[in-house]
Amino acid sequence: MNAGLDGPQAGWQWLSPRSLIVRPVTDLIRLLPVLVGLLFFGSSRGSGSYWGFGFAAVAVVTSIVRWCTTRYRITGERIYLRRGLLNQKVLSVPRDRIRSVDLSAHVVYRVLGLRKVMVGTGRNDRREGESLHLDALRLPDAEALRAMLLVGPAGPSVAGAAGAAGIPGAVAPAEQELARLSPAWVRFAPLTLTGLVIVGVVIGSGTQLIDATHIDLTSIGPVHRLVLRFGTLAPGQQVLDGALVLLACLVLLSVAGYVALFWNFRLVSPGSGVLRVSRGLLSTRTTTIDTRRLRGAELSEPLLLRAAGGARCLAITTGLRVGRGAEHGGSLLLPPAPRAVASGVAATVLGVPVEYLTGDLVRHGAAARGRRYFRAVGTVLVLVAVLVAAWSTGHAPAWPWESSLVLVPLAAALAADRYQSLGHRLSGGWLITRTGSLVRRRSVLSTDGIIGWRIHQSWFQRRQGLVSLAATTAAGRQHYVAHDVPAAVALAVAAAATSDLMTPFLRS
Amino acid sequence: MLPGLRDPSNRVSRRAVGYWTARAAADGLCLLAAEIAVAVGTGFGLGWWIALALTVAAVAAYALIMPRWRYRVHRWEVTGEAVYTRTGWISVHWRIAPISRIQTIDSHRWFGERLFGLANVTATTASAAGPVHIRGLDRGTADRLLDQLTAATGQVPGDAT
């Protein structure tokens with residue numbers, strides 16, 4: 001089992017012994033409701049709680065075994081991670097492949113002064129067991145490790161990879177703050193889907209708590225009276241009140257979520273070639289990105305956020321795929337904030353004129369507009385036709401198709417907005433594309449980061465002389481598409497962006 | 001196909017037409033078998049006879065037209081710098097990937113393809129959206145291509161991102 005790595009000079013290091021305490025403490029907190037239930041209500045209905053203790057005990061033993069069997073080592077060229085009791089495994093990654101270092105900590109970690117370290121290497125970060133994470137190190141050790149991995153001697157540089165040339169302008173001589181959370185930005189919190197997600201989580205853990213403690217909510221006085229009062233209301237009033245309560249909960253929880261996730265948010269450039277995003281009120285997370293891996297940035301504007309003049313900014317980085325949820329898998333450069341701030345941050349980080357993020361784009365023309373309407377309105381008309389057919393054959397009442405007519409103007413508005421969003425541009429070695437209505441995304445991608453093209457033409461597109469042009473890249477969403485571009489324009493853009501690649505295949 | 005973009009220089013193997021026809025026929029037969037099973041279960045009314053006749057016609061048309069159309073669309077080319085393919089039939093896809101950014105080359109031989117003496121070659125780049133598939137090659141061409149691409153990609157240093 002890789003005995004060659006076990007030399008006396010090997011310098012294998014252990015995780016912090018304090019990380020042994022993390023698991024029992026977290027489990028204790030998680031079992032608190034059960035304990036409370038047992039102590040104060042003395043109930044032992046069901047065996048769920050005993051299962052809980054059993055699992056906790058197993059988890060504690062596992063964490064001890066894991067701590068005893070995990071060690072890491074850093075040499076001039078590579079970082080090694082060894083773990084496993086029965087199936088011992090050694091992960092090793094060349095240091096020049098490291099794209100990002102992520103330090104995260106929930107409350108227990110913070111109290112113990114620990115940080116979880118996640119090293120992003122691009123390849124197998126998704127696969128469980130293949131990711132390089134150290135759970136956990138003491139804060140100074142974690143920071144020293146991060147500094148060594150990303151700022152220190154980076155080992156042999158990546159020759160040949162064109163993107164390794166880096167992004168000029170992102171280099172700063174000393175620590176420089178690029179953005180900091182302003183409390184006023186909290187107003188954008190209810191305008192993203194994050195609130196809904198948090199409501200789901202709260203309801204989920206709430207029912208779990210009630211289940212564990214065996215509390216009968218309706219036996220609590222005020223709740224009981226509220227339920228009785230609600231029952232006496234008229235049905236219309238019930239719906240209205242219910243909707244209002246839900247809306248209030250959404251707003252409150254999304255604001256709470258925004259504060260919890262993004263409080264103390266800072267985007268700094270702590271030295272040459274590195275960006276650091278830190279955020280979090282109770283649980284903290286600090287992501288450090290190697291700017292040599294930065295291939296661009298994306299402004300994302302969900303409809304409501306856009307209406308309020310806000311935007312999010314994401315990094316397009318190799319090794320950090322754009323994930324789901326409010327944190328977007330660590331690629332978030334700026335939480336929902338005023339659009340001007342978001343464009344400014346993206347421009348500064350990439351070292352491009354802010355005009356690339358705010359300026360006009362090349363429109364895709366009348367045919368592309370026609371397709372937006374055809375697809376949006378056409379779909380709705382098919383639905384209306386089906387409902388009319390069902391009504392005329394006596395299978396359904398008239399109100400479904402009558403009310404479905406409301407969708408027609410909505411679809412037309414959607415199509416108009418989708419066309420307004422559509423655009424592309426190529427300036428100064430950056431490919432800018434914009435698309436979408438419910439979530440409008442404008443991405444600025446370095447042409448050095450483009451590692452291929454996909455051109456797609458459907459039957460309908462062929463009749464209108466349009467194509468969809470996708471630039472593939474190893475970063476971010478993996479491909480960025482300009483939809484429904486006139487064919488000649490698409491080829492010209494592709495040829496201009498990567499002339500060596502496209503020119504041999506063009507018909508002169 | 002697209003004015004301004006020239007065709008990739010090579011066609012796929014002529015035997016691919018037979019393979020696509022066989023696959024279309026097999027899919028059609030599965031569909032027919034399912035329809036017959038349901039029809040028998042529900043008493044085999046006149047409606048089912050019409051449905052079956054329509055299905056047979058549609059499957060036959062698909063199995064006759066699709067492979068020939070597809071054969072005219074599918075083309076590929078490997079130059080010193082890039083892999084260039086065109087695939088599809090009703091919808092057409094063009095893919096271009098530079099050799100310098102290719103990370104892995106592999107070749108799958110499915111049972112059906114082996115029956116027809118066919119093979120395919122897949123070139124993967126560092127982008128999850130960027131693999132280039134060349135399907136329906138005859139085995140000799142696929143082997144030569146595999147060697148050629150493996151040699152070409154081995155010469156480029158770096159991690160191809």
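In this predicted model, the contact between the two chains takes 32 residues from chain A and 30 residues from chain B. On the chain B side, strand S3 (82-88) and strand S4 (92-98) each supply at least two of the residues that touch chain A. The largest share of that side comes from S4(B), which gives seven residues. Sorted by class, the side of chain B that touches chain A has 16 nonpolar, nine polar and five charged residues.

Strand S4(B) also takes part in strand pairing across the two chains. Its partner is strand S18 of chain A, residues 450-457, and the two pair in the antiparallel sense over five bridges. One residue pair may be picked out here: A:Arg454 has B:Arg95, in S4(B), as its bridge partner.

The next topic is chain B itself. Its domain assignment gives domain 1, covering 10-71, and domain 2, covering 76-154. Taken over C-alpha atoms, the centres of these two domains of chain B are separated by 29 Å. Domain 1 of chain B and domain 2 of chain B each place 11 residues in the contact between them. On the domain 1 side, the elements that give two or more residues are helix H1 (15-41) and helix H2 (46-73) of chain B. Of these, H1(B) gives the most, with five residues. The residues on this side of domain 1 of chain B divide into five nonpolar, three polar and three charged.

From the contacts, the description turns to the interior. In soluble globular proteins, nonpolar side chains tend to be buried together. The largest nonpolar core of this model has 120 residues. Those with the most contacts inside this core are A:Ala297, A:Cys313, A:Leu333, A:Ala346, A:Val444, A:Leu469 and A:Ala490. What surrounds A:Cys313, leaving aside its neighbours within four places in sequence? This residue is in contact with A:Ala297, A:Leu299, A:Leu333, A:Leu334, A:Ala342, A:Val345 and A:Ala346.

A:Phe55 is found in helix H2 of chain A, residues 48-69.

Definitions and conventions:
Residues are numbered from 1 along each chain as its sequence is written. Chains are lettered from A and ligands numbered from 1 in the order in which they are written. This is a predicted model: local features need pLDDT of at least 70, side-chain atom pairs count only at pLDDT 80 or more; totals for chains, interfaces and linings use all residues. A nonpolar core is a set of buried Ala, Val, Leu, Ile, Met, Phe, Trp, Tyr and Cys residues joined through C-beta atoms within 7 Å. A residue is buried if 20 or more other C-beta atoms lie within 10 Å of its own, exposed if 12 or fewer, and partly exposed in between; C-beta atoms are placed from the backbone. Two residues are in contact if their C-beta atoms, placed from the backbone, lie within 7 Å. Helices (H or I, at least four residues) and strands (E, at least two) are DSSP runs, numbered from the N terminus. Ala, Val, Leu, Ile, Met, Phe, Trp, Tyr, Cys and Pro count as nonpolar, Asp, Glu, Lys and Arg as charged, and the others, Gly among them, as polar. Two strands pair if DSSP finds at least two bridges between them. Domain bounds come from an automatic or database domain assignment.
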